[in-house]
Amino acid sequence: MTSPGRGTAVVTGAAGGLGRAIAAALHDDGWSVLLTDLDATAVAAAAAPLGGWSAALDVRDEAACAEIAATAATRGGLDLWVNNAGILVTGPAWEHDARTRRRVLDVNTFGAMNGTLAALTLMREQGHGHVLNVVSLAGLIAAPGETVYAASKHALLAFSLGTLTDLRMAGYRRVHVSCLCPDGIWTPMLHDRLDDPGALASFTGSMLTPQRVAARAVRLARRPRPVVSLPRWRGAQVRLLDALPRLAVALTPVIRAAGRAGQRRQLRRTTPPDRS
């Protein structure tokens, strides 16, 4: 049973994984949700049980983001825009070529900037609205093995908080920007990373389900906050390490061991028992 209509929402990267879970949770909470993704066929399939409202979107295309915002606004205004689309690359920064580094930043940082600014153009005009950026704990600390990814998320966090401050300085009290920073999430982004030494940082804490993160996103959509980490204790932990960089570097062997243990634990959870 859905709640009374809460407004119109756009979710990027919604064909699967966390984006699809967020779209479903928002739909169940009473939102009219426009699901977008680079894969038009996959996102149409994801949208079918949620009202069938979907569109192809490459978040790297600024004009396309503006068109999606305008489309969403035809249903009475744009109330929520969720920047979820993102990609992960792992390994030392020097192993990635310039094209790979640019692709990560183009999607994770500039893509979210495009979505944010497209949404804010309408939200500032109507005097209300909320941009929710899915950042990751990697936006709070430089995760070893995920350096380029973490850099893209650090930039997104700075952009989001700076934009929120700019809105307040300009007098927009009812236009919000929030950052959701979850721990590792068991989605296709990590499904093939169980033996990847570059992804160890994603397995050092509590492996979350997309549904749990989506539920927190819905609560954040109702009650905006600048930064929310999930679980909260992990946010406190990584912020402490970020404030003490020498300690964080010294603890690299501990982080590596914890991450490898987490990968083995997740492998046991996802491998069917041998019944032969």
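Author: Helices (H or I, at least four residues) and strands (E, at least two) are DSSP runs, numbered from the N terminus. Here the chain has 10 helices and 7 strands. The model is predicted, so local features need pLDDT of at least 70 and side-chain atom pairs count only at pLDDT 80 or more, while totals for chains, interfaces and linings use all residues. Residues are numbered from 1 along each chain as its sequence is written, and side-chain values use heavy atoms, without hydrogens and water.

Reader: In what order do the strands form the sheet, and is the pairing parallel or antiparallel?

Author: Two strands pair if DSSP finds at least two bridges between them. In this chain 7 strands make an open sheet with parallel pairing, ordered β3-β2-β1-β4-β5-β6-β7. β3 (54-56) and β7 (227-230) are the edge strands, each pairing on one side only. Direction ignored, neighbouring strands are turned by 20° against each other on average; axes are lines fitted to C-alpha atoms, for helices over the stretch in contact, and angles run from 0 to 180 degrees between N-to-C directions.

Reader: How many bridges join β4 to β5?

Author: β4 and β5 pair in the parallel sense over 4 bridges, with Val82 opposite Leu132 in β5. The chain gets from β4 to β5 through helix α4 (residues 98-126), and this β-α-β crossover is right-handed, that is, with the strands pointing away from the viewer, the path from the first strand over the helix to the second runs clockwise. On to other pairs: β1 and β4, also parallel, share 3 bridges, and Val10 has Trp81 as its bridge partner in β4. Strand β5 (residues 129-134) is joined to β6 (residues 175-182) by 6 bridges, and Leu132 has Ser178 as its partner there.

Reader: Which strands does helix α1 lie across?

Author: Helix α1 (residues 17-28) lies across β1 (7-11), β2 (31-37), β4 (80-83) and β5, at about 165° to β2; contact means heavy atoms within 4.5 Å. Helix α2 (residues 40-47) lies across β2 and β3, at about 160° to β2.

Reader: Are the faces of β4 covered or open?

Author: In a regular strand the side chains alternate between the two faces of the sheet. Both faces of β4 are covered, with Leu80 and Val82 buried on one side and Trp81 and Asn83 on the other. Buried means under 20% relative accessible area, exposed over 50%, partly exposed in between (1.4 Å probe, protein chains only).

Reader: Which residues touch the most other members of the largest nonpolar core?

Author: A nonpolar core is a set of buried Ala, Val, Leu, Ile, Met, Phe, Trp, Tyr and Cys residues joined through side-chain atoms within 4.5 Å. The largest has 32 residues, and Val11, Ile22, Leu26, Leu35, Leu80, Val82 and Leu132 touch the most other members. β1, α1, β2, α2, β4, β5, α7 (210-222) and β7 each supply at least two of its residues. A second, separate core of 28 residues includes Ile68, Trp81, Ala85 and Leu122.

Reader: Where does Ser136 lie, and is Ser136 buried or exposed?

Author: Ser136 is in the loop between β5 and α5 (147-169) and counts as buried because its relative accessibility is 12%. Ser136 is not a glycine, yet its phi is positive, about 105°. For another backbone feature, take the peptide bond from Leu230 to Pro231: it is cis, with omega near -10°. Pro231 lies in the loop between β7 and α8 (232-243).
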